[in-house]
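Here is a walk through the salt bridges of one model. Keep the structure open as you read.

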Amino acid sequence: MLTLAIVLCYLLGVSVLLLINRKYTLAELVGYSFLIGIGIETFFLFLLDVVGIRYSQGVLIGLNVAAILAINGANFRSLVQLKNDWKAPDVSLKNINLVAVFLFCIIGYLFYAITVKNLFWPATEHDTIGSFDKLGRIMAIEGKLKISLFDYNLEGAGGVYPPLYHGALAYVYIFGGITAKIITTLFFLSLLTTFYSLVNGYTGSTAASFFSLALMVTPELFSHAALGLGNLPTTAYVGSAALATFAWIDKRDRKFFWLGAVLMAFVIWIRSDTIVFIAAALLVIAIDFLRTKNWKDTLVYSSAAVSPFIIWNLYLKLKIHAAQGARFDLGMGYNSERVTLMKNYISAFLFGGQHGSIDGGQLYGMAFILFFLFILINAGWMFKAGVKKTLLSNLNVLVFFFVSFLFYASVFYLIDEKAQNAPISSLMESSFKRGLFCFVPLALFYVATNPVSALLFEKLEKFRTGS
């Protein structure tokens, strides 16, 4: 039954994708279909709880089949054109990129290795056992979102989080899964494939496969591909949503507008602290609005991105009777000691230094170092390519990265240590550290699509093809 559940999840996602657009690469279909499909599955669980229907395999299968038939029925005229869009790929030897194939082989082997470790290594992480996995298991048993654990304050820290991640775990358990860690593998696959597809649209397969490998082997991120925590799934949504939004603004391909809007809605449906990325996305969209004056797209995107946050907070207030803001001290003011401590940790994370038990180089490798290095290189490139052209190159990525990072750091600055029952140093070495995963795809996308990188890989392609 678990296989059927995963197939239905993918089919649901594919149906939505084809409703948006008929033309996708294989990497786009693999990555986006799961992210959209599992997001909708957890929204089904939320709606069933609201109307008082208990979860069961039969109910979910019925919902999936009905939704898939309804979406494809409404999209029937477009679907019949698929046969005209499909073209057999040219697999002649001269057109095969052997460099990319080699890099794909490395990616494939590493993905196999970490997947084996993930599926055969039981969940041992504190937040998994104490909250997320526990929530998913009890949701599957009791057949509802507001489970009995809330009556005894045993839900753990994840109890007030939006239900996408622990709802995804519950979805697996409802269909008979012994462990729900297959979810981690599918999110990791989606992260890699969506990142590859978006970078490939700018650079070609050699650079896209190289930077996908760089993303994959970011040390701390790779280790989480074998853990049952929500940070990697969150990264999959943030990375794919942000990059699709950048592609929409740059290329005006309509499919990227809807992908960005839908995925950004799921960004806030998986964790509420991802509101920092919503804020950054809305700023980028607002800047674009000043140029296009497109009220309709701006309102649609903004509504999609914000509405899940409002819906979940209303649910918390009216049904769970809890408030997420209770863990923050909004009247803290300026605390120089905390600012200094956080600055030292952030410096270690981003530039590879060491502070406390943190060694940024061991956690994030060269990802952030390359990002800042290429910002400097790009600044120097102004003298050759021109100021306007250089500044506009990936300006949206820089605005999104730095605005969301500033908001992200501010969230941790305002945390009430007593309410959180943890000192800020401990939070920086655990929660803050894992939250930085979301910035890695942004940093590597900037490096990959930078004019200097484009020139370097263009020369590599000429050398490879002998042209």
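Is Asp288 buried or exposed? Asp288 is buried, at a relative accessible area of 7%. Buried here means under 20% relative accessible area, exposed over 50%, and partly exposed in between, with a 1.4 Å probe and protein chains only.

This is a predicted model, where local features need pLDDT of at least 70, side-chain atom pairs count only at pLDDT 80 or more, and totals for chains, interfaces and linings use all residues. Residues are numbered from 1 along each chain as its sequence is written, and side-chain values use heavy atoms, with hydrogens and water left out.

Asp288 pairs with Arg252 in a salt bridge, with the closest N and O atoms 2.4 Å apart. Arg252 sits in the loop between α12 (231-251) and α13, and Asp288 in helix α14 (residues 275-292), so the contact ties together parts 36 residues apart in sequence. Arg252 itself is partly exposed, at 32%.

A salt bridge requires a side-chain nitrogen of Lys or Arg within 4 Å of a carboxyl oxygen of Asp or Glu. Helices are DSSP runs (H or I, at least four residues), numbered from the N terminus. Both Lys255 and Glu28 are buried.

Now take Asp273 and Arg271. Their salt bridge has its closest N and O atoms 3.1 Å apart. Asp273 is partly exposed at 26% relative accessibility, while Arg271 is buried at 13%. Shared partners also join Arg252, Asp288 and Arg291 into one salt-bridge network.

Terms used. Helix = DSSP H or I, 4+ residues; strand = E, 2+ residues; numbered from the N terminus.
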